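Please walk through the arrangement of strands and helices in the following structure, and through the contact between its chains.

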Amino acid sequence: MRNKLIQSENLCWLLDEHRPEVTVTPIIIKSSDKEKILLKDVNGRRRDGRNLEDIRPIFLKTGLISQANGSAYIELRQTKIACGVYGPRQTKVASFSGKGNLNCEIKFAPFSCLKRRQSYRDAQEKELSHLVFEALAPSIRLDLLPKSTIDVFISVLENDGTASCLAAAITCASVAVADAGIEMSDQVAACSASYIDGDIYMDSDLLEEQRETGSIVLSYMPSLNEVTHILQSGEVEISQTTQAIEQCTDACSKIYSVMNHSLLESVKDKMQ
Amino acid sequence: MPPTLISPSENDYILRGVDANIRADGRGRLDYRQVILETGLITQASGSARCRLGEGTDVLVGVKVELGAIELDGVEEDVAEIKAKRGRVICNVECSPIASQQFAGRGADDFNIELTQMLDRVLNGPQSGLDLEKLCIIPGQQCWIVYIDAIVLDYAGNLLDTIFMTTRAALYNTKVPKTIIQDIGDGEIVFDISDDVEGWERIEGWDKVPVAITLNKIGSRHIVDATPLEELTTEAKLLVTVNKNGKVCGLQKSGGGSIDPSLLNEMVQTGRSLGQSLIKSLDEMVRREENDINLKQSRRERVEKLGFFAAT
């Protein structure tokens, strides 16, 4: 049944059909060993067998949180994120606004990173929350929801690189908003990349991120061909930036097909 | 931030103006307002600068270089190794309530945090160009901490570009005292701070500090140096930070709208070329000012500053 649903060949490698049964504890590497690990071999393959421009396989499923209006769960190997959407509901503050409010909150679980995180929201979480808001806001028809608020809560269960985590969170939140049946102009797919020694590593993981000289996170609406958000840091040549933007938009289109697939699945499940 | 609403007719007026490459104040799409830049206004600070953009935006940046301990608590081993040899940069942006009613009380908090983060993201990292290792006094123990505090005194659009410009000039103006390190045996090291003001040095790498150009997408075109009303018409903003070598040191989109990828590339290119020419003119401005002061001092004439809020 499942195999029938996957129509195109190129979707197959992107879809992580079998969700890993167990969670493996990370291997702790001493700093002296870290230098020895090569990020890519002579054939240009990365540690997990990917090419530089490949992204990790994605597991994406909607409707796993029973109480939420919409929800989604995304997994890119070691990155695991859940998102719940509540609303639209009436804005609690009395002030009138002609457009709906979008409230995004991202929270790292205390055990999600190498170092234990505090349970209260820290500065980085606030910053990331704002970035998720900026990436999602252009896609949601907030003009149709005056006096209302949509709450998007994201919790990161496992973090394998902050930039890729942010990208996955945006993708996941967009699917969750769609799952809640909120009107959108398009879905937002997001992708990250690292600049390391003159190469662009798409969808980099934690170890690659630690050695990067710069990074980029791009959010993109493939059907409308519009970029909703971009964030780049580090000193980069302009030609590389242009190339990274192009590669990220391509990758976003691929992620988009996975997003559509999972939404279709959820509709089919509901109809049964 | 100040005006928060714009009428549809005003909106339309700006939109058509941008399309015809003529804006309300007579500028073209890619024209900057006049920049007035002055350094060394605050005697208590290690370095300071004030920048006024056109008739409105006024930012004052004070840099204070203070002694501090190198903090290595809870840092991973390999990061600690690098951190032990470095000084630090701490940024803070504050919108003074005198600039606008909206900056009063807690209203400005989110806005302040956002501006601080944008400045911090660029200046706290290798792309800032500052040589932080030169700011280390005793590895693992003492270093110089560079506090960059920006205050917004007046607001007439394009705040972030002005903050970056002023910060760059203030860093140029900053002098770090020389230290003389002595090993007194038993593994104890003491250091003296030289009181010879003439011998104090600039922070190395100040000239590599990037500037920011905010590009505002209005309709299907983009403009720079927007006024508050134009900012309200803006669908999406792109902040491009560039250093003098023409390398992109950061990109960030903000605002509610979205941008076409080809337009995005065009905006990055525009930001880069404008940023480079801006750096050139800013460098010339601060150098000319310094030469003027040196000349006047050698002639024993009085050096007069424009002072705060002054435009000409």
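The paragraphs below take up the sheet, the helices and the chain contact in turn. The model is a predicted one.

Strands of a sheet pair through backbone hydrogen bonds, either parallel or antiparallel. Here eight strands form an open sheet with antiparallel pairing, in the order β7(A)-β6(A)-β8(A)-β9(A)-β14(B)-β13(B)-β11(B)-β12(B). The edges are taken by β7 (199–202) of chain A and β12 (221–224) of chain B; each has a single partner strand, so one side of each is left without a neighbour in the sheet. From one strand to the next, the twist averages 20°.

Ser194(A) has Tyr201(A) in β7(A) as its bridge partner.

The two chains meet within the sheet where strand β9 (residues 226–236) of chain A pairs with β14(B), in the antiparallel sense and over four bridges. One position that can be followed in the display is Gln232(A), whose bridge partner in β14(B) is Leu251(B).

Which strands does helix α4(A) lie across? The helix lies across β6, β8 (214–221) and β9 of chain A together with β14 of chain B, and runs at about 135° to β9(A).

Helix α4 (residues 123–136) of chain A also meets helix α5 (residues 162–179) of chain A: their axes come within 10 Å and cross at roughly 50°. An angle under 35 degrees would count as roughly parallel and one of 65 to 115 as roughly perpendicular; α4(A) and α5(A) are therefore oblique to each other. Their crossing is right-handed. On the α4(A) side the contact is made by Leu128(A), Leu131(A), Val132(A), Ala135(A) and Leu136(A), and on the α5(A) side by Leu166(A), Ala169(A), Ile170(A), Ala173(A), Ser174(A) and Val177(A). By class, this contact of α4(A) with α5(A) has 10 nonpolar residues, one polar and no charged ones.

The contact between the chains remains. Chain B contributes 27 residues to the contact and chain A contributes 26 residues. On the side of chain B that touches chain A, at least two residues each come from α2 (77–83), α3 (109–123), β14 (248–254) and α6 (261–298) of chain B. The largest share of that side, seven residues, is supplied by β14(B), the strand that pairs with β9(A). By class, the side of chain B that touches chain A has 12 polar, eight nonpolar and seven charged residues.

Notes:
Residues are numbered from 1 along each chain as its sequence is written. Chains are lettered from A and ligands numbered from 1 in the order in which they are written. This is a predicted model: local features need pLDDT of at least 70, side-chain atom pairs count only at pLDDT 80 or more; totals for chains, interfaces and linings use all residues. Two residues are in contact if their C-beta atoms, placed from the backbone, lie within 7 Å. Ala, Val, Leu, Ile, Met, Phe, Trp, Tyr, Cys and Pro count as nonpolar, Asp, Glu, Lys and Arg as charged, and the others, Gly among them, as polar. Two strands pair if DSSP finds at least two bridges between them. Axes are lines fitted to C-alpha atoms, for helices over the stretch in contact, and angles run from 0 to 180 degrees between N-to-C directions. Angles under 35 degrees count as roughly parallel, over 145 as roughly antiparallel, 65 to 115 as roughly perpendicular and the rest as oblique. A crossing is left-handed if the near helix is turned anticlockwise from the far one by less than a right angle, and right-handed if clockwise.
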